[in-house]
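Can you walk me through this model?

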Amino acid sequence: MIRALLFDLDDTLLDHTGAARDAVDQWCRELGLPEGQHARFAAIERKWFQAYERGEVSHHGQRAARCREFLGRNMSDAEALTAYDGYLSAYREQWRAFADALPTLTWALESGFQVGVLTNGEREMQQAKLEATGLALADVHLIPTVDLGCPKPQREAYLAACRQLEVDPANTLMVGDSLANDVQGACKAGLRALHLDRAGEGDLRSLSALREVLPQRAS
Ligand SMILES: [Mg+2]
């Protein structure tokens, strides 16, 4: 029986891709660079974030590396992080939850599930995202893997999240947009998992569909 739901944050509860696309355009305008570079930005972001997830660079290190590569400039980490603040402030202005996020979290809590948000982003930014988008509900536990020292898809990330929620992995369902981080990694750690694919072919097309998958109350 499922007693706990763990949600990914970016591109699951919050429209990270849409926010990043608009933020990159705004940042480029401020820097006098051409707009429309989001695909290149996203490829660089993915490359360095995956290096972080493999333990090859620190969380701040991947930010600095992304900024250096995107701007094509030789900069110290401190200079790159300062420049990257331009992107981050534009990104913050664009944060928006998906329309089904708040109703789903509310339904999950009212149905008696333990609810957590398991994210590879750092606490300060992810907490600010939840607050800015109205998703910072009192009983929703934010579990940033940066605090745990082991990002998804490392097994310990899911097990530590289950310990924080005081539930067994077998009674926990992870939901997210990343097959590797939210589905395959979770299943290897003994959790159940569903792939959210808003465009098409995953287990769920929307978070609202969870109500049909989990008709029973948790308690
Ligand atoms: Mg995600």
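This is a predicted model: local features need pLDDT of at least 70, side-chain atom pairs count only at pLDDT 80 or more; totals for chains, interfaces and linings use all residues.

Residues are numbered from 1 along each chain as its sequence is written, and side-chain values use heavy atoms, with hydrogens and water left out.

Q: How many helices and strands does the chain have?
A: Helices (H or I, at least four residues) and strands (E, at least two) are DSSP runs, numbered from the N terminus. By that rule the chain has 10 helices and five strands.

Q: Why is the chain said to be as compact as a globular protein of its length?
A: The radius of gyration is taken over C-alpha atoms, and the globule rule is 2.2 Å times the number of residues to the power 0.38. For 219 residues that rule gives 17 Å. The chain is as compact as a globular protein of that length because its radius of gyration is close to this, at 18 Å.

Q: What share of the 219 residues counts as buried?
A: Buried means under 20% relative accessible area, exposed over 50%, and partly exposed in between (1.4 Å probe, protein chains only). In this chain the buried share is 53%.

Q: Which kind of aromatic pair do F41 and Y87 form?
A: Rings of Phe, Tyr and Trp (its six-membered ring) pair if their centres lie within 6.5 Å; planes under 30 degrees apart count as stacked, over 60 as edge-to-face and the rest as tilted. The structure holds 11 such pairs. F41 and Y87 are 4.6 Å apart centre to centre, with 45° between the planes, so by the cut-offs the pair is tilted.

Q: How many residues apart are F41 and Y87?
A: F41 is in helix 2 (residues 38-53), and Y87 is in helix 4 (residues 77-93). Both residues are buried. The pair links distant parts of the chain, 46 residues apart.

Q: Are Y91 and W95 buried or exposed?
A: Y91 and W95 form an edge-to-face pair, 5.8 Å centre to centre with 90° between the planes. Y91 has a relative accessible area of 3%. W95 has 10% relative accessibility. Y91 is under the 20% cut-off, and W95 is too, so both count as buried.

Q: Which residue lies over the face of F98?
A: A charge sits over a ring if NZ of Lys or CZ of Arg is within 6 Å of the ring centre and within 35 degrees of the ring normal. Here the distance from the ring centre is 3.8 Å, and the residue is R198.

Q: Which residues does D100 touch beyond four places in sequence?
A: D100 is found in the loop between helix 4 and helix 5 (101-110). D100 is buried, with a relative accessible area of 10%. Contact means heavy atoms within 4.5 Å. Leaving aside residues up to four places away, D100 touches R198, S206, L207 and S208.

Q: How many disulfides does the structure hold?
A: A disulfide is a covalent bond between the sulfur atoms of two cysteines. The cut-off used is a pair of cysteine sulfur atoms within 2.5 Å. For C28, the nearest cysteine sulfur, that of C67, is 11 Å away. For C150, the nearest is that of C162, 12 Å away, and the total for the structure is zero.
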